Structures are given as structure tokens and as C-alpha cells.
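Some notes for your next look at this entry. They cover the annotated site first, then the aromatic pairs.

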Amino acid sequence: MGKLVALILLGAGLALVGERFLTLRERMNVYREVESVEPQNCHLIEGIENGSEDIDILPSGLAFISNGLKYPGMPDFAPDEPGRIFLMDLNEQNPRVQELNISNGFDKASFNPHGMSTFIDKDQTVYLYVVNHPHMDSTVEIFKFEEQQHSLVYLKTIKHELLKSVNDIVILGPEQFYATRDRYFTNFFLMLLEWFMDLRWTQVLFYSPGEVKVVARGFGSANGITISLDKKYIYVADVLDKNIHVMKIHDNWDLTQLKVIQLDTLVDNLTIDPDTGDILAGCHPNAIKLLMYNTEDPPGSEALRIRNALSEKPTISTMYANNGSVLQGSSVASVYRGKLLIGTVFHKALYCEL
């Protein structure tokens with residue numbers, strides 16, 4: 001009887017492992033190949049190598065671009081180089097990037113920028129909030145942007161026990177933001193186990209100086225986050241579930257899910273078209289190609305536009321798609337007056353005139 005029970009348990013265990021393996025392969029889009037959709041007026045941005053993971057464009061047309069992210073499991077072609085923030089003026093006829101100098105008092109050597117968000121004060125002062133992973137920790141850095149000096153003045157580091165494995169943030173007010181936590185475990189191998197077992201322990205957090213709390217939970221891997229033009233709704237990308245959660249903001253900053261927009265691609269960062277309110281999404285068509293990087297078969301890129309997100313049937317269109325021959329591992333898409341920027345986790349960045 002003991003042997004029979006053992007065999008039954010072994011069989012059940014193997015069946016579970018097999019089912020989990022097949023489910024994970026489906027979630028990773030293992031067999032998907034990209035069909036090319038490439039606007040004519042596109043070119044790689046000179047001066048950007050080793051990633052452009054997030055892009056935030058000011059109403060004035062100045063674009064902040066994060067560079068040099070080191071993330072567990074992702075390719076890193078410059079392991080000894082610290083992260084940087086670039087600036088690009090999209091009002092110029094031929095925009096170029098320029099690295100922003102960061103003031104003293106900040107540990108530049110361990111700078112590992114991830115998601116970003118900007119806040120413009122009543123006096124038009126621009127503040128840049130950056131998710132940072134110094135020594136694989138998670139902090140949020142606050143900088144003041146000095147346009148004339150092309151520099152960032154370091155102001156403050158925010159750290160909290162709930163702000164672990166932070167991926168992206170969206171600013172609501174001075175030192176007030178929502179943040180996504182993309183994994184529960186900080187250890188890379190436990191993170192893989194978390195994905196494999198589909199634990200759904202990742203969250204959206206609300207942070208302010210007086211209160212820090214979980215406002216949404218149950219995501220496979222909460223990733224990009226942004227806010228609607230009218231400031232009533234939050235959009236959250238779940239990269240493993242290949243969808244976008246539409247959530248209503250309450251007066252106490254809690255969130256209530258209204259709907260889920262299902263896609264056929266792994267959604268990374270989200271931005272908003274300032275003219276239309278459409279959601280723009282940087283996506284990974286096939287995640288296995290990201291995690292198991294092969295120069296002969298690199299990960300592709302995909303940028304989507306989601307119109308009428310609050311309607312029963314949002315319209316989804318492809319703005320850009322490439323099999324990796326030009327752009328690898330797209331993570332963000334952002335627009336300004338007919339100009340499109342697409343960033344990547346570890347590769348280059350693309351500029352298009354639509």
C-alpha cells in the first residue's frame with residue numbers, strides 16, 4: 001500500500017510539473033514570431049546602447065530616457081558601466097540625445113535606473129522620480145531637473161519595506177505615487193519558481209510620506225503603470241498574463257478593477273498619448289528569447305496603441321513590430337506631436353516620424 005501511495009503521489013507531482021511547464025511556455029509566447037510593421041521614417045538613436053528601458057516625455061517635448069538597467073535574467077552587455085539618464089528634445093528637427101549630469105551627493109557608481117515618472121510643480125519646476133536598483137535593492141530617487149545646466153540635482157532617496165522589487169511608478173503629487181512590484185521574491189531562482197507556480201503575489205502600492213499601503217494585488221507580474229489624462233484611472237500592465245488592468249482611483253487612493261484588456265503579447269511599460277488619451281504599450285512578443293538570449297535569433301520588439309480603453313471593445317493596433325533585426329526587447333513606446341520613441345530593456349532606442 002505504501003508503494004502504491006508513493007507512486008500515486010509521484011504521478012500527481014509529475015503531472016503538476018508538466019502542466020505548470022506547459023502553462024509557463026504558453027504565458028511566455030514560446031512559439032510566437034513577429035510579423036514586421038515598420039513605419040518608413042524610423043532610425044536608431046545614435047548614442048544609446050545598453051538599453052532605454054523607460055521614457056518619459058514632458059509636455060514641452062523634452063524626453064527623459066533611462067539607460068543601463070541591470071535586471072536578473074536579462075542580457076547585460078555593459079556590466080561594469082553605471083546607469084545614466086539621457087535627454088532628447090523632440091522639438092528639434094534632428095533630435096539628438098545628451099547625457100544629463102547628476103549632482104554630487106548621489107552614488108552614481110551604483111545607479112541602476114528602471115521605471116521613471118515626472119512631476120511638474122505649480123512653479124513649473126520639473127522633478128524626475130526614478131526607480132533605482134543599487135546592488136539589486138529597490139529605492140526611488142528624486143531629482144530636480146535643471147534644463148539650462150542639462151543636469152539632475154539629487155534631492156532625496158525613498159526607501160520602504162514594502163517597496164521591494166519595484167518595477168515602475170507613476171507620480172500623483174509631491175512624494176506621492178503608485179508603484180508596481182513585479183515579483184514577490186528578490187532571489188532570481190525563487191522568482192523563476194514564483195513564475196513557474198503562477199503564485200500571483202505581486203502588487204500595486206501607494207506611497208506618500210504619511211501612508212504606504214497595498215492598493216491592488218493578484219498580478220502574475222505587475223509591470224508598467226500609468227494614469228489617464230483625467231487622473232481618474234490607473235492602467236497596470238501584467239507582463240506574464242499579457243494584459244492591461246483598468247482601475248478606478250478612489251478618494252483614499254485605493255484602486256478598484258473595472259476591466260482587463262487581454263493582448264497576445266507580454267506587456268511592459270505603458271504611456272499615454274497626450275493628444276488622444278490612448279494607451280501606448282512597449283511589448284515583448286516572445287519572452288523566452290529575452291531570457292535565453294541568442295544573437296542568431298534575438299528577441300523581437302512590438303509597440304501597440306490601445307484606443308477607447310474604457311469601452312466594451314477597445315481598438316488595438318500595432319504601431320511598430322520587428323523580429324529583432326533592428327530593435328531587440330522593446331519595453332516602452334511614447335509619442336509627442338507625431339514623433340514616436342521606442343525604448344528597450346538592454347538594446348538600443350528607435351526614433352520614428354509618424
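1. Strand E19, residues 266-272, holds Asn269. This is a predicted model, and in it Asn269 has a relative accessibility of 0%, so it counts as buried. Setting aside neighbours within four places in sequence, Asn269 is in contact with Glu53, Asp54, Asn167, Asp168, Asn223, Gly224, Leu280, Ala281, Gly282, Ser331 and Val332.

2. Asn269 also carries an annotation. The unreviewed UniProt entry lists Glu53, Asn167, Asp168, Asn223, Asp268 and Asn269 under "binding site". These residues span 217 residues in sequence, yet no two of their C-alpha atoms are more than 12.0 Å apart, so they gather at one spot. From this set, Glu53, Asn167, Asn223 and Asp268 belong to the lining of the largest cavity.

3. Relative accessibility is 6% for Asn223, which is under the 20% limit, so the residue counts as buried. Beyond four places in sequence, the contacts of Asn223 are Asn167, Asp168, Thr180, Ala237, Val239, Val267, Asp268 and Asn269. Among them, Asn167, Asp168, Asp268 and Asn269 are also on the UniProt list.

4. Now the rings. How many aromatic pairs does the count come to? The count is 17. In one of these pairs, Phe77 and Tyr293 have ring centres 5.5 Å apart and planes at 65 degrees; over 60 degrees counts as edge-to-face, so this pair qualifies.

5. The Phe77 and Tyr293 pair links distant parts of the chain, 216 residues apart. Phe77 is in the loop between strand E3 (62-67) and strand E4 (84-89). Tyr293 is in the loop between helix H3 (287-291) and strand E21 (301-307). Both residues are partly exposed: Phe77 has a relative accessible area of 47%, and Tyr293 has 26%.

6. Phe77 has a further partner, Phe346. Their ring centres are 5.7 Å apart and their planes are at 75 degrees, so this pair is edge-to-face.

7. Is Phe346 buried or exposed? Its relative accessibility is 2%, so Phe346 counts as buried. Phe77, by contrast, is partly exposed.

8. One more group to inspect: ring pairs join Phe106, Phe111, Phe143 and Tyr154 into a cluster.

Terms used
Residues numbered from 1 in each chain as written. Predicted model: local features only at pLDDT ≥ 70, side-chain atom pairs only at ≥ 80, totals over all residues. Heavy atoms only, no water. UniProt positions renumbered as here; feature names shortened; annotations may be inferred. 1 Å grid on protein atoms, 1.4 Å probe; cavity = no way out; pocket = protein on both sides within 12 Å on 5 of 7 lines; lining within 4 Å. Buried < 20%, exposed > 50% of the residue type's maximum accessible area, 1.4 Å probe, protein only. Contact = heavy atoms within 4.5 Å. Helix = DSSP H or I, 4+ residues; strand = E, 2+ residues; numbered from the N terminus. Phe/Tyr/Trp six-rings, centres within 6.5 Å; stacked < 30°, edge-to-face > 60°.
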